[in-house]
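Hello,

Here is the structure we talked about going through. Please open it first, then read my notes below.

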Amino acid sequence: MTIDNVSTPCAANATTPAAPANPANPATPSTSVNVNSPIPANPANAAIPANANSLNHLTSAPQSSSAPRTIHVPQITLADGHLIPQIGLGVLRIDDEGVTPVVESALEQGYRHIDGAAGYENEGGVGRALAATGFNTGKARKSLWLTTKLKDSEQGYDSALRAFDRQQALLQVDYVDMYMLHWPTPFDWRSGETWKAFVRLREEGRVRTLGVCNFLPEHLERLHEETGEWPTVNQIELHPTWQQREVTAFCRAHGIAVEAYSPMARGADLDAGDGVVERIAGAHGVSAAQAILRWHVENGTIIIPKSVHAERQRENLDLFGFVLDPAEHAAMDALDGPTRAGHDPMTFTYA
Ligand SMILES: NC(=O)c1ccc[n+]([C@@H]2O[C@H](COP(=O)([O-])OP(=O)(O)OC[C@H]3O[C@@H](n4cnc5c(N)ncnc54)[C@H](OP(=O)(O)O)[C@@H]3O)[C@@H](O)[C@H]2O)c1
């Protein structure tokens, strides 16, 4: 798994300092960095990173605060070679009508990665946004990463194929970049059987890569035993107060990219640690959300923060003008605790 750059045009954010220049990599955003291990925060490398383990892929060229500037969102190279933008927009808890302007706004801000699901009941609205903006076909479609997920109740070979037909029609696209099992439902395990349908969709070119969500190591091992495959991505609840280190270590050891959902604990972590997050943010002149999201990025984690507000969408993408120093990064690490914001994969089903 490696990281590359991708440039997305983004309006200037006057509250965030322009990122340092990157003379080591001035024109082409093609530097690859191995992130099987987390990227260490390294303030010494903040201005001019000098080597492949540095953060030079996370910087953007300095420009005047009033001019539009380009944010280089890194891309993670998955085990099967596909490149996924490290930051995406989550669309959970937005209704079908409301999600259309939200996705349009995110595309305008520069997002090129949308994270949806059948269970969010808004794939039609996402599809309408893609069609209205032209991101459902041609060159624009190629520039976009679109994830969706199968409902737990539609697991099984035939039902998964039928579900994907419906989802693809709603999304109005020829292919989906990533199709995911939403929950492992170990009390009603059908992941192995369902995976065969996923493989067929991949062979037919309707899906590019196959992922899972909420899988614990025992679920990943069971899937591997039954199918001979590891998913390329495991999307799990992950934020400073719920870091799931055993799961992330297992994933990294098996070449599975880790994607953090609820990366800010749905907002609850913004004031975590008795003001620790706010103090770190204040030291860099950024928001608490940006400080947390930057910590994720430095860990090599894919993130999909959700916001319905254009200003916050822009803020959540604008993470490359500052670097947490090692003490700040460690302070964020130290917030780990048993503070799950969502559900337990052993017992939960999204249905
Ligand atoms: N696979 C799964 O089982 C699973 C489960 C849960 C979530 N997910 C995915 O992960 C995505 C993100 O997770 P999430 O929505 O649960 O939580 P989140 O992204 O951690 O937090 C979203 C909340 O934070 C607020 N927010 C966003 N940006 C902010 C900022 N810059 N400053 C202050 N507040 C901000 C949002 O409010 P506003 O919208 O009002 O700005 C919203 O209330 C979901 O949308 C979904 O795509 C997947």
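This is a predicted model: local features need pLDDT of at least 70, side-chain atom pairs count only at pLDDT 80 or more; totals for chains, interfaces and linings use all residues.

Now the overall picture. The chain has 11 helices and 12 strands. Of its 351 residues, 51% are buried. Take the contacts with a separation of 6 or more: 77% of them join residues 24 or more positions apart.

Next, the sheet. It is open and has 8 strands, in the order E5-E6-E7-E8-E9-E10-E11-E12. The pairing is parallel. Strand E5 (89-90) and strand E12 (302-303) are the edges, and each pairs on one side only. Look at the E12 end. Strand E11 (residues 257-261) pairs with E12 over 2 bridges, in the parallel sense. There, alanine 260 sits opposite isoleucine 303 of E12.

Then find helix H5 (residues 191-203). Helix H5 lies across strand E7 (145-150), strand E8 (176-181) and strand E9 (207-213). Its angle to E9 is about 160 degrees.

Last, two backbone angles. Most residues other than glycine have a negative phi. Glutamine 244 has a positive phi of about 50 degrees. Its place is the loop between strand E10 (233-237) and helix H7 (245-253). Glutamine 172 also has a positive phi, of about 60 degrees. That glutamine 172 is in the loop between helix H4 (157-171) and E8. Glutamine 172 has 18 C-beta neighbours inside 10 Å, so it counts as partly exposed.

Best wishes

Note on methods: Residues are numbered from 1 along each chain as its sequence is written. Two strands pair if DSSP finds at least two bridges between them. Helices (H or I, at least four residues) and strands (E, at least two) are DSSP runs, numbered from the N terminus. Two residues are in contact if their C-beta atoms, placed from the backbone, lie within 7 Å. Axes are lines fitted to C-alpha atoms, for helices over the stretch in contact, and angles run from 0 to 180 degrees between N-to-C directions. A residue is buried if 20 or more other C-beta atoms lie within 10 Å of its own, exposed if 12 or fewer, and partly exposed in between; C-beta atoms are placed from the backbone.
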